[in-house]
Amino acid sequence: MLTRKIELLVGLFILSGLAAFLVLVFNVANVEVKSNSSNYTLYAKFSNIGGLKVRSPVKVGGVVVGRVSEITLDPAELVPVVKLAMDKQFNQFPETSSLSILTSGLLGEQFLGLTPGFIDDDIAMLVDGDRIDDTHSALVLEELIGQFLYSASSKD
Amino acid sequence: MEHKVITEPKPLVEIHNLSFSRGEHVIFDDVSLSIPRGKVTAIMGPSGIGKTTLLKLMGGQLTPDTGKVLFDDVDVNKCRREELFELRKRMSMLFQSGALFTDMNVFDNVAFALREHSGLPEMIIKRIVLMKLEAVGLRGAAKMMPNELSGGMQRRVALARAIALEPEMVMYDEPFAGQDPISMGVLVKLIRELSDALQLTSVVISHDVQEVLSIADYVYVMADKRVIAQGTPAELKASEIEQLKQFIGGEPDGPVPFHFPAQDYQKDLLG
Amino acid sequence: MSLLDKVANLGRSGIELIMGLGRAGLMLWGAIARKPRAKDFSLFVKQLYVVGVQSMVLIFVSGLFIGMVLALQGYNILVGFGTEESLGPMVALSLLRELGPVVTALLFAGRAGSALTAEIGLMKSTEQLSSLEMMAIDPLRQIIAPRFWAGVVSLPLLALIFTAVGIYGGHIVGVEWKGIDSGSFWSILQASVEWRQDIVNCLIKSIVFAVVVTWIALYRGYQVIPNPEGISKATTQTVVQSSLAVLALDFLLTALMFGR
């Protein structure tokens, strides 16, 4: 009673429903399974990461060179450790480079700004698994306002 | 059908003292009749007296308020659903509209009940279906959809479907209503032939007096919620009952009034 | 009319409502509380085609447009706060939590629900249902059950397609047109969408709506007054009642899921 065309279209319908489900699960809710081999990993410790999130971009002069792949808390020092997935294409950063958490716009999203350091003969390049020591934490707006109010009132 | 050798066979369907009403409206009041085996029995009466309802009561689709309907000595309203379904495999019904399944072609319509109930292989089903279609003269239309057929042809397909499972009894609901004279003639011929060839018990419900009297072996005439006359066609034609004479003669006014019951005409106009 | 009459009327409509619910429940119970047979599956697949596949174009196009409109309106508001990157979560969460299940259910009620009511109503008024009964075939099992299951399976799938397409619609407007960074669009979106809270709840909602819409559509068709006027009335009732039921249930479910 069923024609082949109906069976085929119903099959396609179910497939596209499942495809939509997979897109929602893996692409939208970002349930991680994939490991991307064209990346190398760097670590950085901050005292405060503010609103930094997994998959926030890492930028050099506005160019995206990598993304935050994981945020954990160092169990000993109790400070956030950020894992960066850096694009293999950009692997010429010296060890002296520094990372700061910046905000795009006044209320915008936060991202990591990478400032390449100076290059000298005895300075090696950052490779997979290295740690960036020179980090600047996020500016927390409430703290800034608090400090400003405090200093303004203490002047009187 | 070995039990047919008994000289006076027990009727296939017996209705005892049946009453039925829809809400306040009484449709049947203490009706009793019986349908003999292997004969064409007609139930006649003016429109709107619930002849179709009577068929549905016989098929167990409706339950009477009082009284009972026996099909081959089984009370159709007392048995469980599975038993009722077993009984229904032995009867079939030709609906007024044909009631063909609109999403299937003619062949599949006729094959439907066979595929559901017979468990026969498709090859044999195909042969049976073609034989049934041939019997109603529509083998050539097997691949057509019901809505491509005329009303008369649809009814013939429905007839082929009704006899597909070789039932013991076929109930015809107004088989002649709204047919042109040629289709009417074809249907009259088919009902008579099928009934004789398959030794079917046929119940024909109709108000087409001439056609019914030409094919029926026995006729019940209903009016006013009950059976007002019964007998062979010849007996009925000779009857002196006023209501019957009006019905058979087709006179506009008589014991069955032309006017729907209403209050006094003068009062209605002036008040 | 005296006060007593009014109270009696209220009582009568209450009794009728409960009787209707009872009949609808019996219909559904009769249809689905059966052991499935082998050929029920092909009936089900055929209905998946009628109910699901034939609604797909409508759902796809509506999802795309709703996602794009959402992104366009959202962008205009968010850009005033300089937080246009938050467009991603705004579009995705609106679609996942509300618009996906709800709009799909409403469209489904209009497209498939009304068609189901009309089809079954027509079957009833042309005595096809009675005819099945007289052939010793249970119309609940033959007609109602495959359509019910097809509706229950199709609507969640359609809601998923709608939501996914809608998010890509939002991506098209936000990223391709308005120039939001694709990375931050996805990163912020992904950071704020949660698998259990959002996607599972989206599925739960659409399954509940699927049951309700299909049930109402089938019941309205099955209980139709068998004439053309009855069918057109029943079709309208299906759309009105299932839309109201979807919106009311949506509030209830949202309160249960996100109200704490």
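**A walk through chain B**

Let's start with a gap: chains A and B share no contact (heavy atoms within 4.5 Å), and their closest C-alpha atoms lie 9 Å apart. Two pairs of chains do touch, and the pair with the most contacts is A and C. Keep in mind that this is a predicted model, where local features need pLDDT of at least 70 and side-chain atom pairs count only at pLDDT 80 or more, while totals for chains, interfaces and linings use all residues. Residues are numbered from 1 along each chain as its sequence is written, chains are lettered from A and ligands numbered from 1 in the order in which they are written, and side-chain values use heavy atoms, leaving out hydrogens and water.

Now follow chain B. You'll find ten helices and ten strands, which are DSSP runs numbered from the N terminus (helices H or I, at least four residues; strands E, at least two). An unreviewed UniProt entry places "domain: ABC transporter" at residues 13–249; such annotations may be inferred rather than shown by experiment. That stretch is 39% helix and 26% strand.

How is chain B packed? The C-alpha trace spans about 70 × 40 × 40 Å along its principal axes. Of the 271 residues, 51% count as buried, meaning under 20% relative accessible area (1.4 Å probe, protein chains only). Among contacts between residues at least 6 apart in sequence, 63% join residues at least 24 apart.

Technical notes: Buried < 20%, exposed > 50% of the residue type's maximum accessible area, 1.4 Å probe, protein only.
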